[in-house]
Amino acid sequence: MATMYDASTYGDRIAPVYDALYQSLPSTEAAVRLLAELTQGGPVLELGIGTGRIALPLAETGIAVHGIDASAAMVEMLRGKPGGAQIPVTMGDFADVGVEGHYPLIYVVFNTFFALLTQEEQIRCFAHVAEHLAPGGRFLIEAFVPDLARFDRGQRTSVINLTLDRVQLDVVQVDIAAQRIVTQHVAITESGTRLYPVQLRYAWPSELDLMARLAGLRLQERWGGWQREPFTSASQFHLSVYTPA
Ligand SMILES: C[S@@+](CC[C@H](N)C(=O)[O-])C[C@H]1O[C@@H](n2cnc3c(N)ncnc32)[C@H](O)[C@@H]1O
């Protein structure tokens, strides 16, 4: 049966395996360190908080972390971890930033900003973030730099893991007109096939900068990684920090 893809689909499908796949990303420790330096005392707000990969270690440093997420299954995983029950999470679409208060730091990491699937939603998110920044506050986005050379006639299939008992593939199509990437993470084992769908609307850093301008923000910093590496033509990722203009 065909189902509609919406804001909760990715999280609800991937929640049971999310931590096994991503909990030990090599960048996590450096990400927490840099975010802690940028908080100006907090509280901070994470858009798409998920299972707390970043939020939990950040909260352990003594900073008050709030989150927004659309997936009950992801937040249930967060709640099941030590400290996870104490983190306030607003359930909803982070395009609307439906929370109270003002934050010295609002952040969205691991390409999650691109989960907003239209330019309109992305612009709306910037505008609502700007309304919730404390004076001199910062909005940090971590995202990939789009690379259309990865695709051959609009598609790409990659082997992520190949063992005696398991085949893990990423099957991807790109719609250049819509700036949209549709992916299935496919896991095949003797007992069956699991599908984990992801849809993203990618944007180049320059488009994000224009969205920021529309929201009354300006680019303060752009790094090529969590160790504040310079952003260059070879960078595959960027950390962009926006602040009120
Ligand atoms: C790739 S995970 C990232 C989780 C966490 N930030 C991390 O870095 O591990 C993306 C998260 O964003 C949530 N999400 C995706 N689109 C959303 C939306 N429009 N509104 C709220 N949450 C959304 C998903 O449910 C998921 O928990």
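Hi everyone, let's start with glutamine 40, which is partly exposed because its relative accessible area is 47%; buried means under 20% relative accessible area, exposed over 50%, and partly exposed in between, with a 1.4 Å probe and protein chains only. Before I go on, this is a predicted model, where local features need pLDDT of at least 70, side-chain atom pairs count only at pLDDT 80 or more, and totals for chains, interfaces and linings use all residues. Residues are numbered from 1 along each chain as its sequence is written, and side-chain values use heavy atoms, with hydrogens and water left out.

Back to glutamine 40. Its phi is positive, about 50°, although this residue is not a glycine. For background, most residues other than glycine have a negative phi, and most peptide bonds are trans. You'll find glutamine 40 in the loop between α2 and β1; helices (H or I, at least four residues) and strands (E, at least two) are DSSP runs, numbered from the N terminus. Proline 43 is also found in the loop between α2 (28-38) and β1 (44-47), and the peptide bond from glycine 42 to proline 43 is cis, with omega near 0°.

Where is arginine 153? Look in the loop between β5 (133-144) and β6 (155-162). Arginine 153 has a phi near 50°, a positive value in a residue other than glycine, and with a relative accessible area of 74% it is exposed.

Now the rings. The structure holds seven aromatic pairs; rings of Phe, Tyr and Trp (its six-membered ring) pair if their centres lie within 6.5 Å, and planes under 30 degrees apart count as stacked, over 60 as edge-to-face and the rest as tilted. One of these is phenylalanine 113 with phenylalanine 126, an edge-to-face pair at 5.4 Å centre to centre with 70° between the planes. That pair links distant parts of the chain, 13 residues apart: phenylalanine 113 is in the loop between β4 (103-108) and α5 (119-131), and phenylalanine 126 is in helix α5. Phenylalanine 113 counts as buried because its relative accessibility is 0%, and phenylalanine 126 counts as buried at 0% too. Phe113 and Phe126 form one aromatic cluster with Phe139 and Tyr242.

Two arginines also meet rings. The charged end of arginine 53 sits over the ring of phenylalanine 110, 5.0 Å from its centre; the rule is NZ of Lys or CZ of Arg within 6 Å of the ring centre and within 35 degrees of the ring normal. Arginine 222 lies over the face of phenylalanine 231, at 5.9 Å from the ring centre.

On to helix packing. How do α5 and α6 pack? α5 and helix α6 (residues 205-214) pack at an angle of about 50°, with their axes 8 Å apart; axes are lines fitted to C-alpha atoms, for helices over the stretch in contact, and angles run from 0 to 180 degrees between N-to-C directions. That makes α5 oblique to α6, since angles under 35 degrees count as roughly parallel, over 145 as roughly antiparallel, 65 to 115 as roughly perpendicular and the rest as oblique. Phe126 turns up again here, among the α5 residues that make the contact, and Met211 is among those of α6; contact means heavy atoms within 4.5 Å.

Finally, glycine 84 is in the loop between α4 and β3 (89-91) and counts as buried, at 0% relative accessibility. Leaving aside neighbours within four places in sequence, glycine 84 is in contact with Leu56, Leu78 and Arg79.
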